[in-house]
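Here are my notes on this model, point by point. Please keep the structure open while you read.

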Amino acid sequence: MISRRALIAALALAPVSLHAGELTAHDFAFRAIDDGIIRLADFAGQPVLVVNTASRCGFTYQYDQLQALYDAYRGQGLVVLGVPSGDFNQELATEAEVQYFCEVNFNLDFPMTAIMPVRGTAAHPFYAWAANDLGRSKAPRWNFHKYLVDGNGRLVGAWGSRTEPMSAPIRDEVEKLLGAG
């Protein structure tokens, strides 16, 4: 018999639906840091900034900017989704530790997933799809890589670690998407 946790993990790794036509970000779901499920389809009509994060990275200060971006635009519909990943050996060992670290040090309140792989053959299916859709050169090469998804589930931007969340390129794209809706 499969355990509840294994079932949730399996659901989080599979596309939500396989239908005729191209996949979009709305076809994917993640296991939430608190064991729930985060379905990107639940954010249809809203832009989503998906960011792979790590608690012990030189870019961890970007959590403050991610929260500031979320605070500035959430009322207009922006969702920021943090995806903790140990792929670069800089994440804490458990979801509980990550959640505590983020709450205590950054007072984050945007949605966070469980710790997920974001690159290589073990990558969460969203990340495999994004790398395929935009090209492998746009796949995460380090922590705090950012993908922007529009309200229709299409990838519209990708930025590496050095592009800060409150930078003009990201804000301009977010504002363009929010203005279009």
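**Notes on the model**

1. Start with Phe144. This residue is buried, because its relative accessible area is 0%; buried means under 20% relative accessible area, exposed over 50%, and partly exposed in between (1.4 Å probe, protein chains only). Phe144 sits in the loop between helix 4 and strand 5. Its phi is near 65°, a positive value in a residue other than glycine.

2. A word on the source. This is a predicted model, in which local features need pLDDT of at least 70 and side-chain atom pairs count only at pLDDT 80 or more, while totals for chains, interfaces and linings use all residues. Residues are numbered from 1 along each chain as its sequence is written, and side-chain values use heavy atoms, with hydrogens and water left out.

3. Compare Asn107. Its phi is near 50°, again a positive value in a residue other than glycine. Asn107 belongs to the loop between helix 3 (95-106) and helix 4. Is Asn107 buried or exposed? Asn107 is exposed, because its relative accessible area is 62%.

4. Now the overall layout. The chain has five helices and six strands. Helices (H or I, at least four residues) and strands (E, at least two) are DSSP runs, numbered from the N terminus. Read from the N terminus, the order of elements is α-β-β-β-α-β-α-α-β-β-α.

5. Four strands form an open sheet in the order 4-3-5-6, with mixed pairing. Two strands pair if DSSP finds at least two bridges between them. Strand 4 (79-84) and strand 6 (155-159) are at the edges; each has a single partner strand, so one side of each lacks a neighbour in the sheet. On average, neighbouring strands of this sheet are turned by 20° against each other, direction ignored.

6. Look at one pair in that sheet. Strand 5 (residues 146-149) and strand 6 pair in the antiparallel sense over four bridges. Leu148 stands opposite Gly157 in strand 6.

7. What lies across the sheet strands? Helix 4 (residues 125-134) lies across strand 3, strand 4, strand 5 and strand 6. Helix 4 runs at about 95° to strand 6. Axes are lines fitted to C-alpha atoms, for helices over the stretch in contact, and angles run from 0 to 180 degrees between N-to-C directions.

8. Check Ser55. It lies in the loop between strand 3 (48-53) and helix 2 (62-73). Ser55 counts as buried because its relative accessibility is 6%. Its side chain makes a polar contact with the side chain of Glu91 (2.6 Å). A polar contact is a pair of N or O atoms within 3.5 Å; within protein, one must be able to donate a hydrogen and the other to accept it, and residues adjacent in sequence count only if both atoms are side-chain atoms. Leaving aside neighbours within four places in sequence, Ser55 is in contact (heavy atoms within 4.5 Å) with Thr60, Gln90, Glu91, Leu92, Val98 and Phe101.

9. On cysteines: the structure holds zero disulfides, a disulfide being a pair of cysteine sulfur atoms within 2.5 Å. Cys57 counts as buried because its relative accessibility is 10%. Cys102 is buried too, at 4%.

10. Finally, the totals. Buried residues make up 49% of the 181 residues in the chain. Among contacts between residues at least 6 apart in sequence, 66% join residues at least 24 apart.
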